[in-house]
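Have a look at the sequence and the 3D view below before you read on. Then we'll walk through the parts of the fold one topic at a time.

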Amino acid sequence: MSRSLRVAVLGGGSWGTSVAALAARNTPTLIWARDSATADDINNNHRNSRYLGDTPLPDALRATSDVAELADFADVLAVGIPSHAMRETLGRIADELRPWVPAISLAKGLEPGTRRRPTEVIADCLPGHPVGLLAGPNIAGEIAEGKAAAAVIATKDERVATALQPLFTSKVFRVYRNDDVLGCELGGILKNIVAIASGMAEGLDVGDNTRAMVLSRGLAEMTRLGEAMGANPRSFAGLTGMGDLIATCTSPRSRNRRLGELLAQGKTTTEAVEALGQVAEGAKTAPTVLELATEFGVRMPIAETVAAVVMGQMTPADAYRGLRQVTPGTETDMG
Ligand SMILES: NC(=O)C1=CN([C@@H]2O[C@H](COP(=O)(O)OP(=O)(O)OC[C@H]3O[C@@H](n4cnc5c(N)ncnc54)[C@H](O)[C@@H]3O)[C@@H](O)[C@H]2O)C=CC1
Ligand SMILES: O=C(CO)COP(=O)(O)O
């Protein structure tokens, strides 16, 4: 009988650890954390106290801070490094990985400067490897605590998707397949920007109707950009689009929403990011998305406004005044 596929997770933050915990319940799993104290905490205490507090991790989950050990272990690689650091980190593992190992992105941001999506960065760094992503409404702490949720594995190769699905599935974590990699990836990336707007709404106490307007018009502009880039618009109505948008915009545990709240309290972006102590991809992604919107000729008033706030060009209060003044077109034209 063939042995089960071994999952290697690159990145010992909150999401890398939560995904590793899912996989470790199904198959041998090793996680790489750049700092050895985190690896020791996982190995000795079955915790990642820095990112997941007291939440217990499976005893079977092993950790290392040696990338060569991770590469040697990997039958499947899950990449849980934030977008801005992904290329550099993959560069350390690329030559050591067996060439057939599929690589699955867990990240939800664009690479600053290049505007590349995480799956594109993986394809650049690991040419020839099957590439995909895991995304959906998955606030890391809730998944690690075993609360029920669902996600999507998106890859062009149905056989790869089918092989990966059971590795991350549990009784309370349902994994669907979708071949629309672009649409699923953009959903996760773009919702972070709307979540910052939702956090600002929370901080400014603008009311639930206003927030509902921002969420639904946010979804409209996410879909508009996705369609212009060639994604399937239906993906934006699913788990990786609307699903993740709802989770991130409404959860007090979302770092992007929290960033918006901190901005509304008068903190600068630098101060807010420092106070979070964890990554909020939307802050770097918002200005980068505007470059894509210009390239594809798409109007994105919410992303424009969030970008202006995170770059310190507008206050959250002015931003909300501005959003209320957007001239409405026809709703179903997504205008
Ligand atoms: N936390 C969550 O609920 C979810 C997060 N994501 C995405 O997962 C990705 C990873 O984020 P989290 O684990 O949440 O972040 P985190 O802030 O919890 O942890 C970041 C991890 O990346 C590592 N890291 C940071 N800079 C690095 C560098 N220059 N080189 C190597 N490693 C570096 C840190 O050591 C840490 O292990 C992000 O793209 C995020 O949007 C996706 C779904 C859920
Ligand atoms: O992507 C997420 C939930 O699906 C996590 O969102 P935050 O990065 O805002 O915490």
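Here is a short tour of the domains, the ligands and some helix pairs.

You're looking at a predicted model, so local features need pLDDT of at least 70 and side-chain atom pairs count only at pLDDT 80 or more, while totals for chains, interfaces and linings use all residues. Residues are numbered from 1 along each chain as its sequence is written, and chains are lettered from A and ligands numbered from 1 in the order in which they are written. The protein chain is assigned domain 1 (7–179) and domain 2 (182–333), with bounds that come from an automatic or database domain assignment.

**The two domains**

- The C-alpha centres of domain 1 and domain 2 are 25 Å apart.
- Where they touch, domain 1 puts in 24 residues and domain 2 puts in 25 residues; two residues are in contact if their C-beta atoms, placed from the backbone, lie within 7 Å.
- On the domain 1 side, the elements giving two or more residues are α5 (83–91), α6 (118–125), β6 (131–135), β7 (149–155) and β8 (173–178). These labels are DSSP runs numbered from the N terminus: helices are H or I with at least four residues, and strands are E with at least two.
- β7 gives the most to that side, with 4 residues.
- Sorted by class, the side of domain 1 that touches domain 2 has 13 nonpolar, 8 polar and 3 charged residues. Here Ala, Val, Leu, Ile, Met, Phe, Trp, Tyr, Cys and Pro count as nonpolar, Asp, Glu, Lys and Arg as charged, and the others, Gly among them, as polar.

**Ligand 1**

- Around ligand 1 there are 25 residues, and the closest are Gly-13, Trp-15, Ala-85, Ala-107 and Ala-140. To be near a molecule, a residue needs its C-beta atom, placed from the backbone, within 6 Å of it.
- α1 (14–24) and α5 each supply at least two residues of this shell.
- The shell around ligand 1 splits into 11 nonpolar, 11 polar and 3 charged residues.
- Why does ligand 1 lie between the domains? Domain 1 and domain 2 both give residues to its shell, so that's where it sits.

**Ligand 2**

- Ligand 2 is surrounded by 13 residues, and the closest are Asn-138, Thr-248, Ser-254, Arg-255 and Asn-256.
- Elements giving two or more residues to this shell are α9, α11 (239–250) and α12 (255–264).
- α11 has the largest share of the shell around ligand 2, with 3 residues.
- That shell has 5 nonpolar, 5 polar and 3 charged residues.
- Ligand 2 also lies between domain 1 and domain 2, because both give residues to its shell.

**Helix α9 and its partners**

- The axes of α9 (residues 181–204) and α15 (residues 301–310) come within 9 Å and cross at roughly 65°. Axes are lines fitted to C-alpha atoms, for helices over the stretch in contact, and angles run from 0 to 180 degrees between N-to-C directions.
- α9 and α15 are therefore roughly perpendicular to each other. For angles, under 35 degrees counts as roughly parallel, over 145 as roughly antiparallel, 65 to 115 as roughly perpendicular and the rest as oblique.
- From α9, the contact with α15 uses Ile-193, Val-194, Ile-196 and Ala-197, and from α15 it uses Ile-302, Ala-303 and Val-306.
- By class, the contact of α9 with α15 has 7 nonpolar, no polar and no charged residues.
- α9 and α14 (residues 282–295) have axes that come within 9 Å and cross at roughly 110°, so they too are roughly perpendicular to each other.
- The contact of α9 with α14 divides into 7 nonpolar, 3 polar and no charged residues.

**Helices α12 and α13**

- α12 and α13 (residues 269–276) pack at an angle of about 135°, with their axes 9 Å apart, and they are therefore oblique to each other.
- Their contact is made by Arg-255, Arg-258, Leu-259, Leu-262 and Leu-263 of α12 with Thr-269, Ala-272, Ala-275 and Leu-276 of α13.
- The contact of α12 with α13 has 6 nonpolar, 1 polar and 2 charged residues.
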